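Subject: Structure handover

Hello,

Here is the structure I said I would pass on. My notes follow below it, grouped by region.

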Amino acid sequence: MLRKENVHFRKTNKNTVVKRVREVYLRNDIPCLSTQCPKEPPCHEAVKVESSLLSAEQNDYLIPDYSVALRYVELLEQEELTNIIFTETILQRLQSEDKSRTYKSLRQVAKDPRRRSVVFSNEHCKETNVLREPEESIEHRDWRALVQTAAWYRRHLHGSANIILLSEEFKQEDVLRIDDTTGITVMSLKEYLTKFWPKTAVLHELLASLKEAILEEDLENQTQSSTTSKKTSGGTGYQEYKPLSELEAGVKSERFFQGVMRVRANHRDQAFIRGDANIGEIVIVGSEHRNRAVHGDVVVVELLSKSSWVAPSTHISYNPEEVHAAAEDEEESSSRVRTREVKPTGRVVGIMSRNWQPYVATLQEGSEQEAGSFHLVLPLNPIIPKIRIRHHDAKVLANQRIVVRIDSWPVNSQYPNGHYVRSIGPAHDLDTEISAILIEHGISVSQTTQGFSEGSLKEMPVNTPERPWIADPAELSRRRDLRNHTIFSIDPPNCQDIDDAISIKEIGNGQIEFGVHIADVSYFVRENSLTDLEARARGTTVYLSDRRFDMLPKVLSEQLCSLRHHVDRYAMSVMWTLDSEANVLTTWYGRSVIRSACEMEYEQAQGLLNGKDVVPGLDAKTCKQLKPSVVLLAKTMRKVRARRMAKGGLELESSEVKFKFKEEDGGISDILPKQPLEVHQIIEEAMVMANGYVAQRIYQGFRESAMLRHHPPPIESHFKMLLRAAESKGFSIDTTSNLALANSLRECAAKSENDIEFIKLLKTMATMAMSEASYISSGSFEVSKYAHYGLALDFYTHFTSPIRRYADLVVHRQLMSCLLGSTPQTTDNSSDFLKNGLKMEQVAGHLNYKNRESKLAQKDSTELFQTLYVLQKTRNPAAIENGGDDPEAEDLPFMETGIVSEIRENGFFVFVPRFGIRGPVYLKEKSGEISIPLSALKQSGAAAAAAGGNDHLVTISGCEMDTDLMTQISVKVPPQALGSHAASLPNISTLVQFRLFDKVKVALRLKKSLAHRHTIYMTLIGLDHQSTATASSGTGKAGSGRGATPIKGHSGRLFKKAGEQLKQDEVKRIAQQDPSLAPLQQRDLIQGIQEGQQQQKKGGKNSRKQQQAADPEEVYYQSRPESSLYNLIESFDRFRIVESNESPS
Ligand SMILES: [Zn+2]
């Protein structure tokens, strides 16, 4: 080995230049990392490096120089560009010049296996190391190093690859003077794109935009250096960041605090960081104190003096778009208890790292008319500040959704500087908005075309009408043949990607043979194949309200892997022998071949379970064959489930809705709440059982690297909100363990049978308090940490959905590897990847991220369709004729009953279960004015409104308000506020109380916006029980209108008492005291009991899976990333197919 000294000059923060001498050990075994390597074995195998490899199919390799890497990194990030060789030369220089973001971006490209790009250690390679000549500039030396590298690749690969040096500074003649130039071409980015991507407009647009941004930056730097050396804040109120050394010292001495800055989604004026354990959360108020930090940046904060500390806001924001903005982070979503206590408050004094992303934005209205080429754009996500971009022809951007990126934020600039990347389409166009959702959640845009690369599709088996796929006889002989077993699947209607099927039969002695059969995806998708890499990158199939984006090519997901009926399919099976009490006697795992007898739908299975002999859509023979299996399955799974519940398994809630689309115009014809069926629970239990058993099995074989799924127990303090809420209804909840919690919730449910919505909300709150379930590598945690709190299982994983989740595919491979090994510990047949705990941990982290983003995209898409639905319902046909944009007053009324789900300082949130919509009701206006509609004061308010009265449009202003955060809010109406209404209507109360869980009548409305998504809000009409009371009592006597008699409070309280299992004699007693209230009492009580019974008949109110029974913990996942306490309620289950409207793409 040869030792050499490399000399580098490094510019420090203070602009002085330091000479650095680095000793380099030169080697001659640096691998080329090309699949075209002619050596035997290829040089990357000889030294065992873990890296992507340059591809063999495409033999133009790109080597960007420093001018390209530094300023056009975004272009290099575009997925069209593959086979890039990143030289050590440029990476080292990026590091030495503190360009860590750029450095990381390039590393990221090299890490993505689909990009076929590598890092080549040219500075360590004997043949490519270049010494700096006397008087030679760094730029020139580095350029020579790249040319040497290019020449080396030519030689090493025997000329089989063309090398393109990308440079904005050097030209072809700069190579001529140095080396043999055969096969080495120097191109500018413009030349390169013109030659190789002439029709890819996105790349050309991006290049033009980047060039403009660079020009701008250069101009700015020139003016700055010519005018003043010291930058001033220029009236922005921002301050220069403190030097890094001071920041680091400050954090160490606890004078400063470091953390990720999160902007509150519902109050963008407020941000916070998590300080250390002592100080807790630190609030940052206003843009001056935020000092140019953007959501997600790692910042350093200095505390303000105590007199300046503030309390986090407990108001509902008056900016409707903020109310609905997703916070997308865990901290914000935790069940934070809202209080009025002041918190440590600080200001940002430095930034450790930026978290700038591509943002979807819209040109500020009217900006395209303004002269000059600078324009402000408003990001769709309101927690991101406006961004200043340069565009030569802003008119083409008007009313478009565009993608922008932030480049810099100088201290003297009110807004960050950024640049335009590309346009995605007209704002509020459905496809545009869906694309925006995908971009905002980092879901690769190429998925909009379901784009699997040609290489990946080439790996796929052929299955066409002319050449149908048939099972290979040799493969069949290696599998357990289960084709003579009665196997069936149960899924939502029209399910295309059938992951799982079931078999069950009695085998004598009271024993049962029970099998779960899962699509054998790992047979078709080989590890590290292109399809595998693509699936790993995607992580999961993404289900949106009207379309889905598959993880695997359709030939697998809908055909060869999908367990369709009447055809042979490969499966991975788990077969148990159970005794009559459903205890497991033996377990068998292995590859099998099955032939499903029937693709059943949930409704059909439920029909058979309910005793029907024939159900719609199935012939009599099939029904006769399957009915005993379905009945036995239900009988068996009930026992298994009961045992798991007894151990503390939780039955949680999420309110799911699905959209029904009109065939004519794609409009939404209805939003349907999902009907819970017992058969959902049964399938779910079967899948939980399989997942649990497989988790244990793979852990036996992979102690250090089993892909498991855990759900840590919740943090006790997160339950505060739940406890307070339950207490307000007179219940107490024990949260000391999952079993205690499950029992408490069951008890609440039993005691308040007449209040199904209350129980739903309560369970939702319990879910919100919990941690997120996540994938882990077993080696990274102690065994005691593997447990799944919600399911009450010690081991859990995902095995049952390999068509749509990558984790399951990994688990299948690990299981196969375990089964092939002769002893449990022997895993020699498995790849390095499956055994590598560290690698598994990385994959788990990536899948957790992909999962979360996919769920958030799903939630955004539901919200989008909910707003479209409200738009449809409230759009006045007359207003459309008159030219569209009309004031809200013109909207058609859209009234619904909802439940008060969260109390805030200035109003409350209402959840409308019918549509799964949640929105704010403001009692106090931004001006401070407190008002209430006349209809809410009148005893027969809702009834009057329904009868055509407009009392809900008559506002009584000048009220007073008292809020008990979390549980109730009271509005007092002084007699003078009533004015003429007092005289004309005697039955008016002067105190209205709204409590958590009260039922209210609201009108749904839409706040329209160009730059943001439309948002739903609500206006109050009245308490819902009122109308019931009046209607049933038939008299208005109860509200005699005497002074401050709390009519509403009274009836509300009575209703709640009913929830506390009011005894019949108590009803009588109350009726004697106030006879007019008795009918309400009894009626509600009886109705409630009936509802409860009905629910039970339907198969239990706890079944939440409608479309997808196989993922019981989905509900936890949904709960985490919500912006606010009750947002979970808006979450919904994924569904594969929406009625007859399959994904158009
Ligand atoms: Zn080689």
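What spacing do the donors of the zinc ion follow along the chain? The spacing is C-x4-C-x5-C-x112-H. Before the rest, note that this is a predicted model, in which local features need pLDDT of at least 70 and side-chain atom pairs count only at pLDDT 80 or more, while totals for chains, interfaces and linings use all residues. Residues are numbered from 1 along each chain as its sequence is written, and side-chain values use heavy atoms, with hydrogens and water left out.

Zinc site

The protein donors are Cys-32 (SG), Cys-37 (SG), Cys-43 (SG) and His-156 (NE2), at 2.0 to 2.3 Å from the zinc ion. Donors here are N, O and S atoms within 2.8 Å of the metal (3.2 Å for Na, K and Ca); water is not among the atoms, so sites may look incomplete. The four donor atoms subtend angles of 101 to 115° around the zinc ion, and the arrangement is therefore tetrahedral (four donors with all angles between 85 and 135 degrees). Cys-32 sits in the loop between strand S2 (17-26) and helix H1 (43-46), and His-156 belongs to helix H6 (residues 138-156), so the pair ties together parts that are 124 residues apart in sequence. Helices (H or I, at least four residues) and strands (E, at least two) are DSSP runs, numbered from the N terminus. Both Cys-32 and His-156 are buried, that is, under 20% relative accessible area with a 1.4 Å probe, protein chains only.

Seven-stranded sheet

An open sheet with mixed pairing has seven strands in the order S19-S26-S25-S22-S21-S20-S27; two strands pair if DSSP finds at least two bridges between them. Strand S19 (480-481) and strand S27 (598-601) are at the edges with a single partner strand each, so one side of each has no neighbour in the sheet. Strand S22 (residues 512-519) and strand S25 (residues 568-578) run antiparallel and are joined by eight bridges. Within that pairing, Ile-518 has Met-572 of S25 as its bridge partner.

Helix H20

The axes of helix H20 (residues 602-609) and helix H22 (residues 678-701) come within 8 Å and cross at roughly 105°. Axes are lines fitted to C-alpha atoms, for helices over the stretch in contact, and angles run from 0 to 180 degrees between N-to-C directions. H20 is therefore roughly perpendicular to H22 (65 to 115 degrees). Residues making the contact (heavy atoms within 4.5 Å) include Tyr-602 and Leu-609 of H20 and Val-679 and Ile-683 of H22. Seven of the eight residues of H20 are buried, and S20, S27, H21 and H22 are among what covers them. Gly-611, which follows H20, has a positive phi near 105°.

Strand S40

In strand S40 (residues 999-1007), seven of nine residues are buried. S40 runs antiparallel to strand S32 (residues 895-904), with five bridges between them, and Ala-1003 is the bridge partner of Met-895. Eight bridges join S40 to strand S41 (residues 1015-1023), also antiparallel; here Arg-1005 stands opposite Tyr-1017.

Ile-282

Buried or exposed: which is Ile-282? Ile-282 is buried, with a relative accessible area of 0%. The residue is part of strand S11 (residues 281-285). Beyond its neighbours within four places in sequence, its contacts include Phe-257, Val-301, Leu-303 and Gly-346. Gly-346 is 64 residues away in sequence, with a C-alpha to C-alpha distance of 6.5 Å.

Regards

Note on methods: Buried < 20%, exposed > 50% of the residue type's maximum accessible area, 1.4 Å probe, protein only. Tetrahedral: all angles 85-135°; square planar, octahedral: opposite > 155°, others 65-115°. Parallel < 35°, antiparallel > 145°, perpendicular 65-115°, else oblique.
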